[in-house]
Amino acid sequence: MYRIDEIVRYAKDNKIALQSFFHKKDMPGNMSKHIFHALVLLSIESPIELSRFLNIPISHLEKTINKPDYKHYTVRKKRGGERHIYAPEKQLKKIQKRLNYFLQAWYLWIKPEEVHGFVINPHYLGRYCNIAANAAVHTGKKQVLNIDLKDFFECISAKRIKSVFTSPYFNFNEHIAIALTLLTTYQAKLPTGAPTSPVLSNFVCLPLDAQLQTFCKENGLQYTRYADDLTFSADTDISYDTILDIILLIQKNGFSINVKKLRQQSSSRKQTVTGLTVNKKVNVDRKMLKKIRAMLHDLQTNGLEAATRRHFKLHTTADSDLQSCFMNRLDGYINFVGQIRGKEDAFYRKYINQYESIFAKKM
């Protein structure tokens, strides 16, 4: 297993060959696709190389760096309050999507096994990171502890992002580190809505994940992280002192916890991890099944427009866009049940048959 500094040094030392293959839309035959793309990203050392890598004229790149354009809007949170979304304009979004692809390739190479969120999974690797895999670690445990990081993206400053780019994980020089920081941050922090924010948050969390991994091994705990949801479990009681130690580690790494979402769940009650129950096996929460059943019944009994109004709690007529959203959401819920419980599950078969029957009648 190569050390991170050795990988980064290899990329810099072999940048001419790597970038030559890359710009010819070719790759060495002895490398996996994600490894090659990670090395190409790590090999960048000048603004011209960055410009060619992003496939954008350097004048356009400079303009985008100096005047990033975002659209701001808010969405309601489930438990009240608003979430501020900053969506990049077309050119910047295109750049961020490209960066995200290569950042994901590098993160996949060095990713801790405890992390299951914000990860792209190449099918050829035969491994997947999702909420089911995240929850499976904590099945059949005496206690499950859920901790939510507060204002996850907003608390990650541009300064921290620049520090990541100059750290041993990338070892970019000042010019490249600053350019990438300005391309991926807004108002001096990670913007919620930018394609690059999720993977960059994972890079920022690498020291936290390593420290929590060590702590949990020393204290007989299991640990996983899915984005800002941290889960710990044990075959014994998780003591108050242990919880305080975990919180202290989180705070030392520049994060704070959402006290309202901290939950300690014993096996005598329902234990949930990222919305899935884990008492005996990973399963869909009964509330989800009940919700699907109610939506299907409302749709069959009262029609799409009335069901949409009730679902979104509207006092006026639901327009066609909202009605489409209702159908897509219902379809998503049903497919989620199939993903977790299996396509042969009785509940899934019943719900998907009902949905397809209703949809066929609408057509």
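1. Let's start with the four-stranded sheet: an open one, ordered β4-β5-β3-β6, with antiparallel pairing. β4 (222-226) and β6 (263-266) sit at the edges with a single partner strand each, so one side of each has no neighbour in the sheet. On average, neighbouring strands here are turned by 15° against each other, direction ignored. Strands (E, at least two residues) and helices (H or I, at least four residues) are DSSP runs, numbered from the N terminus. Two strands count as paired if DSSP finds at least two bridges between them.

2. Before going on, keep in mind that this is a predicted model: local features need pLDDT of at least 70, side-chain atom pairs count only at pLDDT 80 or more, and totals for chains, interfaces and linings use all residues. Residues are numbered from 1 along each chain as its sequence is written, and side-chain values use heavy atoms, with hydrogens and water left out.

3. β4 is joined to β5 (residues 229-234) by five bridges, and the two run antiparallel. Look for Tyr 223, which stands opposite Phe 232 in β5. Helix α12 (residues 240-252) packs on the sheet, where it touches β3 (143-148), β5 and β6. The direction of α12 makes about 25° with that of β3. Contact means heavy atoms within 4.5 Å; axes are lines fitted to C-alpha atoms, for helices over the stretch in contact, and angles run from 0 to 180 degrees between N-to-C directions.

4. There is also a three-stranded open sheet, in the order β7-β8-β9, again with antiparallel pairing. Its edge strands, β7 (272-273) and β9, each pair on one side only. Two bridges link β8 (residues 276-277) to β9, and Leu 276 stands opposite Val 284 in β9.

5. Next, a helix pair. α5 (residues 58-66) and α9 (residues 174-184) pack at about 60°, with axes 8 Å apart. Which residues meet? Leu 61, Thr 64 and Ile 65 from α5 meet Ala 179, Leu 182 and Leu 183 from α9. By class, this contact has five nonpolar residues, one polar and no charged. Ala, Val, Leu, Ile, Met, Phe, Trp, Tyr, Cys and Pro count as nonpolar, Asp, Glu, Lys and Arg as charged, and the others, Gly among them, as polar.

6. On a 1 Å grid over the protein atoms alone, a cavity is a set of points where a 1.4 Å probe fits but cannot get out, while a pocket is an open set with protein on both sides within 12 Å along at least five of seven lines; lining residues have an atom within 4 Å of a point. Grid points are joined across faces, edges and corners, and a volume is the space filled by probe spheres set on the points. The cavity lining includes Gln 19, Phe 22 and Arg 52, and α2 (15-23) and α4 (47-54) each give at least two of its residues.

7. Last, the second largest pocket has a volume of about 270 Å³. Of its 14 lining residues, Lys 270, Thr 277, Asn 283, Val 284 and Arg 286 are closest to its centre. The lining divides into four nonpolar, three polar and seven charged residues.
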